[in-house]
Structure formats: structure tokens, C-alpha cells
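The following exercises concern a predicted model. Please work through each task with the sequence and the structure at hand before reading its solution.

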Amino acid sequence: MARTILIPLQANDVAPRFDLAQAVMLATLPEEGAALTTTLVLEQPSADGLCDLALSRGVTCVVCNGIEEEYYHYLRWKRVEVLDSIMGPVDLVLERLARGQLKSGDILYGRGQGAAHV
Amino acid sequence: MIIPDLPTLDLSAPHISGLDASSMDFAALLDGLPVGVVVLDKERRILFLNKALEALTGFSRSEAMGAPCGQVLRASTCLRRCPHLSEGLQASVEGDCLSRDRRRLPVRVTPIQVRDRGGELLFRLDVVEELKTPSVGGQDVPEIGTLHTLVARCAEMQRILALIPILAQSEAPLLITGETGTGKDLLAEAVHRQSPRSRQPFVRVSCSPMPEALLESELFGHVKGAAPWAEEDKPGKLQAAGAGTICLSEIADLPLAQQARLVRVLDERLVLPLGGDKPVRVNARVIAVTGTSPEALLASGRLREDLFHRLSAFRIHLPPLRERREDVDFLLTHFLRAFARKLKKNVTAFSEEARRALASYSFPGNIRELKNIVDYAVMVCPGEAILPEHLPAHLSLEAGRGKSRAKAR
């Protein structure tokens, strides 16, 4: 089944903070084939706004870096999977997500110990 | 730590020279500071985090190395406008950052650029200080309507809150007990914040079940090669806490072998990293937290008696909400204000019916559950007053069952 992913963006990377992201990528990951992506520019950064967006668009997984506990638990409560503390370029994130190899805490910049192999 | 490409500096004033002499341990110097420091390259990628900043952010220096500063620090001020790009460098900026354990922490960031005599930028530093709640006469001012402070009205909790400054002055271990959601972690943090160690790190460790070697490494650190995943030396949380406080959550989940090692740490103040042969001195104060009665744990053999006696130099029990019903009303109002402010909603009160439903609910999840219920209600409520239909369904069902039982009688 196709999955819908929401990724807060800062340029081409995952945004450092969920609540301060100015843009967001919505990606549909089919079981096979390439991801379909749409980028939305937000009127203003807002964690509440992003939660509403995720729920209204039927998002199944949020991939983000920093997120406050309350929003994390709210999304989990709404049965949205949350992978947080993810750092790196969004194309690498999508690639690893499609392969089922992305987990919370992955750093995809490639130099630190926490860096996943890219 | 070796900062690459630092030229040898001479002694002529006004430049400080010799700082990069090979014998100088720059990392130890930064690790000794009570404030967070991050060393950045010219592109603002991380070269080094000191221990205080590791504890504040929750990221180890090896994980963070090479990542852009903003991704790891996640400070609001840095993301709105990087202080290194601002005019008038070295002016501090205040904001908040998000730690790895998803807490919002108020911080002050001071950017520093280190240049050679020719004005060439060598590297950048950010000094990051965690800002405490403003204090008056040494006592934290209770913030009205905030979400992360310990608040209560009942006599028993007032007695406990009054004890905090006294407990904070001690170096002895502290054992905090209480059911889930009663505020054990908040109490531990409050004790740290009022202690002379407050400028040092406060490090939380969950002793929840995980492979023993991994837990040992998490607590005591490891040396390179000690395990297949130990690719380099890594200090444990006890070392990361430095001269601060380490809070061990769910101490009863700690395997007995690690409990024995902890006894030794408490006695000798020395830890032996996994696979290492050189003990490392630790100065952190230990606060242990458990949701289960220590006596029951002792009886079932899950807690070593020698560890229990060492940890319970001071012991505080936080009562569940059902034993302090007089706090329910106060806490409902407190969290209503806090969430209304946070969610920017004009919700100002509970209707009488909603308040009655809440007053008759048992709150098995204690204050955490009460807080979540108010969070939900404020979010769902479109008007000014929270009605019963704005409360979570399980609560309405319980209220309904209560009414049926009353009618049947």
C-alpha cells in the first residue's frame, strides 16, 4: 500500500525544527517505483498547522528533526508514525525510507558516528 | 581534539599565542566549561561539541560531527537568523532549542569568530547557556500557566516543594518514588535546578530494558573495540553528567550486574568503561526514580539491597492524584491556561458538567493523564467553555457508567 509522508523542509534538507519549518514536502511512496512529491510553502511556521495538515492529508508517517514532546505524542496518538531526529538531504531521506532503512536518529550528513551510510 | 590548520601564533600582543601547541588538550579545556560550546568550521558545520552541550542537546560529539550547526542545536534564534551572519557579532541572542528528548529549553547563544592576525577566519564558536527560570531569593518563581513546572496546592505536595531547596543543597543520592505521571522526573529536575550544580548538565537515563552491553555502554561508556558497534571511545552518561546531576529513570529495570557496578560507582566515584582498564572519575550527583515500591522490588529480588540503601539517603514519595483530590481543580485551571496560551485559543473555563465529569474521574495516569485530557479538550473546544463533549470519549463513557450506577441505586 502506498504511504504518504510529510517532511518539514529547509531548502533541500529536513528542517531542523517541526514548529519552525517554512515549507513542507508531501511524498507518496508507492510499493514500487519512484516517490511522487509535492512541496508546499507555509503561510507561517506552526506545529499545530503541520499537525492539521498531516491529518487532513492522511499522512501515515512524519519524518522530521526536532519536534516537541507534545506534538510527537499527539501525532502518535492519531496513529501517525513519527521518525524524529532525522538530519540530512531530503532525497537521501526518501531513498532510505523507500528501502525501509530509515529510523529515528539517523544522521545522513555522512561524517559523524551517527551518520548512516549514504 | 585537534583543530585542523591552526597556524602557530606568536606571543606578540594583542594576540594570544601558543593555544594550538601540540601539548594542549583543547577538548579537555572545553569539556571543563560549565556552559555548552560548539566549534564550527567556516561553513558552520560541527567540528566539536563539549560535554555540557552534549548533555543539553542529547547528541554526542561523534554523532554531531559534520552536521550543520542548526540541525543539532535547533535553536529558534539560529534558525530565524544565524547569529554568525548578523552584524555586531558576539552579541548574545536568546531563544529556545529543542533537545533530542523533545524538550524545549530556553537558551542564550553567543557567537564568536576566531581569526588569525591577518583577520582570516579560523573557526567559529557558539557558546550556549541554558537559561534558568528567573529566581527571587534563591527560590524559583512559579510560572503561571506553564507546562513543565511542578505545581500543586495540597499540603503534602507543599511540604515536598518546600523540601526541594534543602534536598538541592545535599550531595547525597536521592530516591524519588511515585506512580506513573506523578511528576518524578520534574521533581528530579527541580532539585537539580536549585542546586549548586545547576550550571552543570542534567542528564536523564532511562534504564528500560535493552541489551546489557548496550546499557552498560550507555551508562559507563566504552572503549574502541569493546563491542562490534564500539567504533571509537565513547563516554557514558555518568561521565557526560560531569559535575551535574544524573537522573536514573526506572532504576528497577537496571539488570542486577549493572546495579552492582552502580554500587561501586556510588562508593568509589570511579567508573570503568566497557572494555577499558582505566577507571574514570565521576562527580555527578545521582537521583534515582522508580514507579514501583522499593520494598516490593527488594522483596522480589529486582533491586539490590546495598544499592537501595545507598540511593535512599533521601527519599521522597509523590502521592497519586487520587490521594490529593483537592489538586484536581487547581491543576485543571493551571493546564487550561497553559494550553489555551500555547494553542492560542480563547478557551477560558470548563462548564459545570465537564468539571463534574472530571472531578469524578479517577485519573489512573495521574497528572500526565489530566494534562493530556486538558490538552485534547482545549484543542477540540471551538468556543470559550469546555463542554462534556469536548472531553475524550473514555471519560464521557466512565461518567455515563457512573450516572447509570447512581440511577440503578
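**Exercise 1. Determine in which sense strand 8 and strand 15 of chain B pair, and over how many bridges.**

Solution. 
1. Locate strand 8 at residues 174-178 and strand 15 at residues 285-290 of chain B.
2. The two strands pair in the parallel sense, over 4 bridges.
3. One of the residues involved is B:Leu174, whose bridge partner in strand 15 is B:Ile287.
4. Strand 8 also pairs with strand 16 (residues 314-318) of chain B; these strands run parallel and are joined by 5 bridges.
5. In strand 16, B:Leu174 has B:Phe314 as its bridge partner.

**Exercise 2. State which residues of strand 8 of chain B point one way and which the other, and whether they are buried or exposed.**

Solution. 
1. In a regular strand, side chains alternate between the two faces of the sheet.
2. Accordingly, assign B:Leu174, B:Ile176 and B:Gly178 to one direction, and B:Leu175 and B:Thr177 to the other.
3. A residue counts as buried when its relative accessible area is under 20%. By this criterion 5 of the 5 residues of strand 8 are buried.
4. For the chain as a whole, 48% of the 409 residues of chain B count as buried.

**Exercise 3. Classify the ring pair formed by B:Phe335 and B:Phe339.**

Solution. 
1. A pair of aromatic rings is described by the distance of the centres and the angle of the planes.
2. Over all chains, a search of the whole structure finds 4 aromatic pairs. In the pair B:Phe335 and B:Phe339, the ring centres are 6.4 Å apart and the planes lie at 35°, so this pair is tilted.

Methods. Residues numbered from 1 in each chain as written. Chains lettered and ligands numbered in written order. Predicted model: local features only at pLDDT ≥ 70, side-chain atom pairs only at ≥ 80, totals over all residues. Heavy atoms only, no water. Buried < 20%, exposed > 50% of the residue type's maximum accessible area, 1.4 Å probe, protein only. Phe/Tyr/Trp six-rings, centres within 6.5 Å; stacked < 30°, edge-to-face > 60°. Pairing = 2+ DSSP bridges.
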